[in-house]
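This report is written for someone meeting the structure for the first time. Please keep the sequence and the 3D view at hand while reading.

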Amino acid sequence: MSLYIHHDGRAHEFTVTGDLGAIRNAPLLAPAGSDARISLHQLLAIYGAIHTQPPTERTTT
């Protein structure tokens, strides 16, 4: 599963790794093409919004 953030005018993809972080068993995510890890909580705290679709594929409601 992938999640996306929109930052600096670009979409950034993060892959849910299936691993859990040490704090509150938060799911860990990896930026596309990287071995780095960040928790779901950290990503939300830094960027404020997480999307389930890339910005170019979002549908309006």
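## Basis of the model

This is a predicted model, in which local features need pLDDT of at least 70 and side-chain atom pairs count only at pLDDT 80 or more, whereas totals for chains, interfaces and linings use all residues. Residues are numbered from 1 along each chain as its sequence is written, and side-chain values use heavy atoms, with hydrogens and water left out.

## Overall composition

The protein chain holds one helix and four strands, and from the N terminus on its elements follow the order β-β-β-β-α. Helices (H or I, at least four residues) and strands (E, at least two) are DSSP runs that are numbered from the N terminus.

Of the 61 residues of the protein chain, 21% count as buried; here buried means under 20% relative accessible area, exposed means over 50%, and partly exposed lies in between, with a 1.4 Å probe and protein chains only. The accessible surface of the chain comes to about 4,400 Å², and 51% of that surface belongs to carbon and sulfur atoms. These areas come from the Shrake-Rupley method with a 1.4 Å probe, and for residues only the protein chains shown count as cover. Among contacts between residues at least 6 apart in sequence, 27% join residues at least 24 apart, where contact means heavy atoms within 4.5 Å.

## The sheet and its hairpins

The four strands form an open sheet with the order 1-2-3-4 and antiparallel pairing. Strand 1 and strand 4 are the edge strands, each of which pairs on one side only. Two strands are said to pair if DSSP finds at least two bridges between them. Strand 1 (residues 2-7) and strand 2 (residues 10-20) run antiparallel and are joined by six bridges, and the partner of Ser2 in strand 2 is Thr15. Strand 2 also pairs in the antiparallel sense with strand 3 (residues 27-31), over four bridges; in strand 3, Pro27 is the bridge partner of Leu20, while Pro31 stands opposite Phe14.

The hairpin of strand 1 and strand 2 has two residues between the strands, and Asp8 takes a positive phi near 55 degrees there, although Asp8 is not a glycine. Most residues other than glycine have a negative phi. Asp8 counts as exposed because its relative accessibility is 61%. In the hairpin of strand 2 and strand 3, which has six residues between the strands, Arg24 takes a positive phi near 60 degrees.

## The nonpolar core

Which residues make up the largest nonpolar core? It consists of six residues, namely Leu3, Ile5, Phe14, Leu29, Ile38 and Leu43. A nonpolar core is a set of buried Ala, Val, Leu, Ile, Met, Phe, Trp, Tyr and Cys residues joined through side-chain atoms within 4.5 Å. In soluble globular proteins, nonpolar side chains tend to be buried together.

Leaving aside residues up to four places away in sequence, Phe14 touches a set of residues that includes Leu3, Ile5, Leu29, Ile38 and Leu43. Among the other residues that Phe14 touches are Met1, Ser2, Ala30, Pro31 and Ala32.

## Selected residues on the strands

Ser39 lies in strand 4 (residues 38-39) and counts as buried because its relative accessibility is 11%. Not counting residues up to four places away in sequence, Ser39 touches Ala26, Pro27, Leu28 and Leu29.

His12, in strand 2, is partly exposed, with a relative accessible area of 22%. Under the same exclusion of residues up to four places away in sequence, His12 touches Leu3, Tyr4, Ile5 and His7. The side chain of His12 also reaches the backbone oxygen of His7 at 3.3 Å, a polar contact being a pair of N or O atoms within 3.5 Å, of which, within protein, one must be able to donate a hydrogen and the other to accept it, and for which residues adjacent in sequence count only if both atoms are side-chain atoms. His12 and Ala32 are 20 residues apart in sequence, and their C-alpha atoms are 7.7 Å apart in space.

His6 is found in strand 1 and is partly exposed, with a relative accessible area of 46%. The C-alpha atoms of His6 and His51 are separated by 8.4 Å, with the two residues 45 apart along the chain.
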